[in-house]
Amino acid sequence: MPLLELQINGVSRRLDVDPERSLLSVLRDDLDLTGAKYGCGEGQCGACTVLVDDRPTRSCLTKVASVAGRPLITIEGLERSGQLHPVQKAFAEADAMQCGYCTPGMIMESVALLRRQADPAAPEIVHALEGHICRCGTYDRIVRAVRRAAEATKGGTG
Amino acid sequence: MSGAPPPSGDRLTLEPERYELAAGPAYRFDVDRREFVKLLGGGLVVMVAAAAAPAQESGARGGGAGSPPREIAAWLHVAADGTVTAYTGKVEFGQDIRTSLTQAVADELRAPLPSIRLVMGDTDLTPFDQGTFGSRTTPFMAAQLRQVAAAARETLLDLAVAKWSVDRSALDAREGEVVHAPSGRALRFGELTQGQALVRTVAADPSPTPVSRWTVAGRSIPKVNARDIVTGRHRYTSDLTRPGLWHGRVLRPPAIGATLVSLDASGVDTKRVSVVHDGDFVGVSAPTAAEAALAAGQLKADWKTSPQPSDGQIFEYLKKTPPETRDGDGRGAGAQVSGSVAQARAAAPLRLEQSYTVAYIAHAPLEPRAALAEWRDGKLTVWTGTQRPFGVRTELAEAFRLSEEKVRVIVPDTGAGYGGKHTGEAAIEAARLARAAGHPVKLVWTREEEFAWAYFRPAGVIDVKSGARADGTLTAWEFHTYNCGASGIRTPYDVANQTVQFHPVRSPLRQGSYRALAATANHFARETHMDEVARAAGVDALEMRRRNLKDARVRAVLDAAAERFGWPPSRTPARGYGLAAGTEKGSYLATGAEVSIEPGGGVRVRRLVTAFECGAVVNPDHLRNQVEGAMVQGLGGALFEAVRFEDGLITTDRFSRYRVPRFSDVPELDVVLVDRPDLPSAGAGETPLVCVAPAIGNAIFDATGTRLRSLPLVPSGLPK
Ligand code: FES
Ligand code: FES
């Protein structure tokens, strides 16, 4: 099999994998980047969300070959020298989680949203996150966390 | 029959929810505590012997109240460097008990929160525990940990007394230090232990710090491991790996009740893949998940199916099926009777008779069942997300004919359960595959497997007959619940003549515990019926409930909810308003709902107000989070969640076919916490969802005049 080159969290990795496999399984099983979660495998829950070219992407439905050479960011790549990303910080401070299994996907989607739109109103947040399931029902808190992150980054970087 | 309820009635009242019964095995191997203490090294170890009452929860099996306290309920270690480790058999599934229990320890020990680590749900390290369910963690485990922490604090004070030869009353423990104010001396807890290995065992003596002196508990602090979660660093079972790990896959039958006739594995490359065929169990494991999935697809199995009911006939089926005989004394079969319903109804000007149904629903935790099993030197270690680590250890020991000390179950903080992960299916499957493969094997159920092969919240039928005076005062109440369970079956309203009976049935689908259990179904039937009586009498829903209610705690939450909701509501076209109240597992609640009817017949829940009282509040923010979460989960079962099945095949086997609440479904949520610092804390993870469905159903009637008596209420909009 030809080697695939992946750009993950700013690091280039060459991998010998079946190009048909899902990005999610390669991240989790081959690279031990387990922050992206399996929740459904059919694009319904958002737990597997990562950023490809800054766009939120369901890694369970993405063939690994299709992202070769494109910049990927996973939840593991958000922290900067020990500093949480403002969205991570806001989720922690707003207690926007119970079991936390949906949290990485929610955070990645929210990071992407704030990059597109620095100051989204609650209905816009709901719209952007509608494809994510939090079975624990912390939706309200997640919206509040994203608002909080937007406030915190006003005028700054997202 | 009249007067006091017969003994069978008492049994019904006392019966624990049948789906949560988890009888311990008849024998027990003691943990070798000397070994354990050695493992910890120097420092102070304090153990609390289980007391008779909390013993039902943790620490005791066998031995009645009179037997000596040989079981340990909780233990705690203060290391020489001041690190405190507390051990509990409870597990974290999103209820935030890792945080609330850590708070309880910090509070009692007077140690800073970051110095405390909680080891949870590890059968080799933590004391025996029945399981994390039934909202009992806060009432029981927090008390036990408080006790062990208090004993540790007292021991540390003793050490300081001996060291400084000072009067004990002049000493104070705070912020991880013992301080002698008169001389200005202070020593860290760790320093006081001087590296010696000190072991103390104290008898249970429940005299924890009164709520008024709580310092850390009672306040809102963020989740203690929030950072691990938001960075993706926390490892759920499905994220774990081991050297030489293989991945497993199980071949599922085509329908419930199917048996394996034959298996042809000739298409599988058995040099790369391990195949297990053991009775009706067929599974494979391979070095990668992809290979395992491929191999499972290459197996040719011939299954024999038998006729199975479909969802269309389920309610008739449940009422026709003869009662299940559960055990020798027929528990659950007795009716609770007082007065005469028949006579009272004959004399009542208002008589109603209705039947209510609830569908099977799925827990659908976002992390499906998963387990990683490893055999080493005849010992089996399994990491798995289960609410009953010790129960699963027993299941594994029985499945592999091992003694329990040869099995270790470790439960990483898990991607939720809601009562759906009491069992060890994935653990047993992974262990079976690992034994055959000679490698550690991880098995993560697919979403389809989780939907089809986990167990469900039971479906049920509830028949209600009532009699009331013209002003809505109830005089007769007859309540029969089929299959779904006895939780919340008793009415909190005062009715002189009552018959209440739970009828267990053998369910065609695998069923089990679910957040709030049958209390959801029983509250739905009761609170809907209350609304029907109120309407028949022409009495306001709040007034009608108050008229029939003496219980001060239910009245208090009902009034609190009504006040916040603004009851009676002012009318708006195409909007409806409903109320419901109740009590379960020591907490009390009332919910008000506002719905709107959308063009096209859709129902939108606009607002839910829940007043909730569960005694003293430990962490208001997490409590609010739990109440909100429960309301959102209740919304799904109220409006649209239902497991569909056809001839034993689950057809709602993925999220695209089984709708769960999403962001846009969430109404305005308003939680009124009624704090009762004078009362012990009850658990809160479940009960807040039980009034959601009836409040919404009553609101839909208010808006449309259509009475809906089945859950889910509007799986595809209002009935045409
Ligand atoms: S796992 Fe990818 S969307 Fe659910
Ligand atoms: S916190 Fe459990 S699924 Fe969202």
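Reader: Which residue's side chain meets that of B:Asp239 in a salt bridge?
Author: The partner is A:Lys37, with an N to O distance of 2.6 Å between the side chains. A salt bridge here is a side-chain nitrogen of Lys or Arg within 4 Å of a carboxyl oxygen of Asp or Glu. This is a predicted model, in which local features need pLDDT of at least 70, side-chain atom pairs count only at pLDDT 80 or more, and totals for chains, interfaces and linings use all residues. Residues are numbered from 1 along each chain as its sequence is written, chains are lettered from A and ligands numbered from 1 in the order in which they are written, and side-chain values use heavy atoms, with hydrogens and water left out.

Reader: Where do B:Asp239 and A:Lys37 lie?
Author: B:Asp239 lies in the loop between helix 7 and strand 9 (246-250) of chain B, and A:Lys37 in the loop between helix 1 (23-30) and strand 3 (49-52) of chain A, so the pair joins two chains. Helices (H or I, at least four residues) and strands (E, at least two) are DSSP runs, numbered from the N terminus.

Reader: Is B:Asp239 buried or exposed?
Author: B:Asp239 is buried, with a relative accessible area of 1%. A:Lys37 is also buried, with a value of 1%. Buried means under 20% relative accessible area, exposed over 50%, and partly exposed in between (1.4 Å probe, protein chains only).

Reader: How many salt bridges are there between chain B and chain A?
Author: There are nine salt bridges between chain B and chain A. Another pair that meets in a salt bridge is B:Arg233 and A:Glu79, at 2.6 Å from N to O. Over all chains, the count comes to 68 salt bridges.

Reader: And how many residue pairs are in polar contact between chain B and chain A?
Author: The count is 31 residue pairs, with both residues at pLDDT 80 or more. A polar contact is a pair of N or O atoms within 3.5 Å; within protein, one must be able to donate a hydrogen and the other to accept it, and residues adjacent in sequence count only if both atoms are side-chain atoms.

Reader: Which elements give two or more residues to the side of chain B that touches chain A?
Author: They are helix 7 (226-230), helix 8 (289-298), helix 13 (447-453) and helix 17 (620-639) of chain B. Helix 17 of chain B gives the largest share, nine residues. By class, this side of chain B has 25 nonpolar, 18 polar and 16 charged residues. In that scheme Ala, Val, Leu, Ile, Met, Phe, Trp, Tyr, Cys and Pro count as nonpolar, Asp, Glu, Lys and Arg as charged, and the others, Gly among them, as polar.

Reader: What area do chain B and chain A bury between them?
Author: They bury about 4,200 Å², 51% of it on carbon and sulfur atoms. In chain B, B:Val230, B:Leu366 and B:Phe663 lose the most area to chain A, together 21% of what that side buries. Buried area is the accessible area (1.4 Å probe) that two parts lose on being put together, summed over both. The contact (heavy atoms within 4.5 Å) takes 59 residues from chain B and 49 residues from chain A.

Reader: Changing topic, which residues touch the most other members of the largest nonpolar core?
Author: A:Phe91 and B:Ile696 do, in a core of 153 residues. A nonpolar core is a set of buried Ala, Val, Leu, Ile, Met, Phe, Trp, Tyr and Cys residues joined through side-chain atoms within 4.5 Å. Leaving aside neighbours within four places in sequence, the contacts of B:Ile696 include B:Ala593, B:Val605, B:Leu635 and B:Leu713.

Reader: Where is B:Thr591 found?
Author: B:Thr591 is found in strand 24 (residues 587-597) of chain B. At 0% relative accessibility, B:Thr591 counts as buried. The side chains of B:Thr591 and B:Thr610 are joined by a polar contact of 2.9 Å. Not counting residues up to four places away in sequence, B:Thr591 also touches residues including B:Leu579, B:Leu608, B:Cys691 and B:Ala695.

Reader: How many helices and strands does chain B have?
Author: Chain B has 18 helices and 29 strands. Buried residues make up 62% of its 720 residues.
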